[in-house]
Amino acid sequence: MTSLRYKRVLLKVSGEALMGPGNYGLDANTVNAIAEDVSAVAKLGIQVGLVIGGGNIFRGVSGAAAGMDRAQADGMGMLATVINALAMQNALEKAGVPVRVQSAIPMASLCEPFIRRRAVRHMEKGRVVIFAAGTGNPFFTTDTAAALRAAEMGCDVLLKGTQVDGVYTADPRKDPLAERYEALTYHDMLARDLAVMDAAAISLARENKLPIIVFDIHEPGAFTAVMKGEGKFTTVHES
């Protein structure tokens, strides 16, 4: 444990990250690959929490843009995150890691309700806890839910697993001249409107002095490497 930088962490993964090469839904190989990386970190003795988005199935903002009531659309989006959470639970259990899913929307037949002290106890016992259904309220993203749960759990760091290895000046998949930041302040993220996490999530992290690390979730072993201070990533913290 002396080479590890953190004791308790929360990883946010977008729903889109679970699609793999597809355009919708879940790709089994991708889900299993992410689960293997999370499993490796958990087996090092690091306490891990997970928040997974639902954009691979339904996005509330997109539904609202198409004319749906925003609160209703966000409710559908929260249910999508539960589907992803159950899929990840299954993959992690196959990888040999004990897992609990806690939902902000009670659904006792499928998972536990979110209870902060119970979640902390699970993590202390070495169980990965997947926090589903966002905050349980409309108008809040799963990025904000991740920052909220990380603060509630007393995590050392909030990690955002994305499609690229950090925060760039532009999308490196579209702009070959885009440059990667090694480190940023919360103010930089907000002032430069770097669309990695929404403003509410960044503000919540700043208020709780919670550092954010952005890395490539699809790079094999990247999560483990970040826990050891290795590999490529961008750190966001106070100046």
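1. Let me start with a loop: Ala133 lies between strand E5 and helix H5 (142-153). Helices here are DSSP runs of H or I with at least four residues, strands are runs of E with at least two, and both are numbered from the N terminus. Ala133 has a positive phi of about 70° without being a glycine. Most residues other than glycine have a negative phi. Ala133 is also buried, at 0% relative accessibility; buried stands for under 20% relative accessible area, exposed for over 50%, and partly exposed for what lies in between (1.4 Å probe, protein chains only).

2. Before going on, some housekeeping. This is a predicted model, in which local features need pLDDT of at least 70 and side-chain atom pairs count only at pLDDT 80 or more, while totals for chains, interfaces and linings use all residues. Residues are numbered from 1 along each chain as its sequence is written, and side-chain values use heavy atoms, with hydrogens and water left out.

3. What about Phe139, buried or exposed? Phe139 is exposed, with a relative accessible area of 54%. Phe139 sits in the loop between E5 and H5, and has a positive phi of about 75° although it is not a glycine.

4. Now the sheet. Nine strands form an open sheet with mixed pairing, in the order E4-E3-E5-E2-E1-E6-E10-E11-E9. Its edges are strand E4 (112-113) and strand E9 (183-185), each of which pairs on one side only. For the record, two strands pair if DSSP finds at least two bridges between them. In general, strands of a sheet pair through backbone hydrogen bonds, either parallel or antiparallel.

5. On to E5 and its pairing with E3. Strand E3 (residues 99-103) runs parallel to strand E5 (residues 128-132), with five bridges between them. Val101 has Ile130 of E5 as its bridge partner.

6. How many of the six residues of strand E6 (residues 157-162) are buried? Six of the six are, so strand E6 is largely enclosed by the rest of the structure. Both faces are covered: Val157, Leu159 and Gly161 are buried on one side, and Leu158, Lys160 and Thr162 on the other. Do note Lys160 in that list of buried residues.

7. E6 has parallel partners to check too. Strand E1 (residues 8-13) is joined to E6 by five bridges, and the two run parallel; Leu10 has Leu158 of E6 as its bridge partner. E6 also pairs with strand E10 (residues 212-216) in the parallel sense, over five bridges. In that pairing Thr162 stands opposite Asp216 in E10.

8. Aromatics next: the structure holds two aromatic pairs. The rings of Phe114 and Phe131 have centres 5.8 Å apart and planes at 75°, so this pair is edge-to-face. This pair links distant parts of the chain, with Phe114 in the loop between E4 and helix H4 (116-124) and Phe131 in strand E5, 17 residues apart. Phe114 and Phe131 are both buried. Phe215 and Phe223 make a stacked pair, 6.0 Å centre to centre with 20° between the planes. Phe215 is buried at 0% relative accessibility, and Phe223 is buried at 0% as well. The cut-offs: rings of Phe, Tyr and Trp (its six-membered ring) pair if their centres lie within 6.5 Å, with planes under 30 degrees apart counting as stacked, over 60 as edge-to-face and the rest as tilted.

9. Finally, back to Phe114. The charged end of Arg149 sits over the Phe114 ring, 3.8 Å from its centre. That label requires NZ of Lys or CZ of Arg within 6 Å of the ring centre and within 35 degrees of the ring normal.
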